[in-house]
Amino acid sequence: MALHHISATPACTPSTLARSLAVDSASVTRLLDRLENKGMLQRAAQERMDRTHDRRVVEIILTEHGCNAIRELKSHWQSARSELTEAFKQSEIHGLALAD
């Protein structure tokens, strides 16, 4: 879920990721450390015009390895969704879609 959120959110920061995942900042820091050690993301100081020397705001950026992983995950999600929808009748799928 973290990789998906990072890929879908321009200028993703640890705090926006924490809010999205409904976890605290310490949990996000540990998660980002693990993903960074696996080469899936990198953290970069976010440059701002109003605070050129303030490096506290960090942007999370997917690496090529992270982008490949998210593409593979999306492929698996789509396959799983297709298998599930094949098991339902069209009327049941329509009923589920309306429930959202």
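This note sets out numbered points on the fold, core, salt bridges and surface of the structure shown above.

1. The structure is a predicted model. The protein chain contains five helices and two strands, and from the N terminus on these elements follow the order α-α-α-β-β-α-α.

2. The protein chain has 100 residues, of which 21% count as buried. Among the contacts with a separation of 6 or more, 43% are between residues 24 or more positions apart. The accessible surface of the protein chain is about 7,500 Å², and carbon and sulfur atoms account for 53% of that surface.

3. **The nonpolar core.** The largest nonpolar core has 15 residues, and those touching the most other members are Leu 3, Ile 6, Leu 17, Leu 32, Leu 35, Leu 41 and Ile 60. At least two residues of this core come from each of α1 (2-8), α2 (14-21), α3, β2 (58-62) and α4. In soluble globular proteins, nonpolar side chains tend to be buried together.

4. **Leu 41 within the core.** Leu 41 is one of the core residues that touch the most other members. Leaving aside residues up to four places away in sequence, Leu 41 touches Ile 6, Leu 32, Leu 35, Glu 36, Ile 60, Ile 61, Leu 62 and Thr 63.

5. **Salt bridges.** Two salt bridges are found in a search of the whole structure. In one of them, Arg 43 pairs with Asp 33, with 2.4 Å between the closest N and O atoms. This pair links distant parts of the chain: Arg 43 belongs to strand β1 (residues 41-45) and Asp 33 to helix α3 (residues 25-37), and the two are ten residues apart. Arg 43 also forms a salt bridge with Glu 36, where the closest N and O atoms are 3.3 Å apart.

6. Glu 36 counts as partly exposed because its relative accessibility is 32%. Glu 36 is also among the residues that Leu 41 touches.

7. **A nonpolar surface patch.** Leu 84, Phe 88 and Leu 96 make a nonpolar surface patch of about 300 Å². Leu 84 is located in helix α4 (residues 64-87). With 55% relative accessibility, Leu 84 counts as exposed, because the cut-off for that class is over 50%.

Notes
Residues are numbered from 1 along each chain as its sequence is written. This is a predicted model: local features need pLDDT of at least 70, side-chain atom pairs count only at pLDDT 80 or more; totals for chains, interfaces and linings use all residues. Side-chain values use heavy atoms; hydrogens and water are left out. Patches are made of residues with over 30% relative accessible area and no salt bridge: like charges are joined within 9 Å, nonpolar side chains (Val, Leu, Ile, Met, Phe, Trp, Tyr) within 5 Å. Accessible areas come from the Shrake-Rupley method with a 1.4 Å probe; for residues, only the protein chains shown count as cover. A salt bridge is a side-chain nitrogen of Lys or Arg within 4 Å of a carboxyl oxygen of Asp or Glu. Helices (H or I, at least four residues) and strands (E, at least two) are DSSP runs, numbered from the N terminus. Buried means under 20% relative accessible area, exposed over 50%, partly exposed in between (1.4 Å probe, protein chains only). A nonpolar core is a set of buried Ala, Val, Leu, Ile, Met, Phe, Trp, Tyr and Cys residues joined through side-chain atoms within 4.5 Å. Contact means heavy atoms within 4.5 Å.
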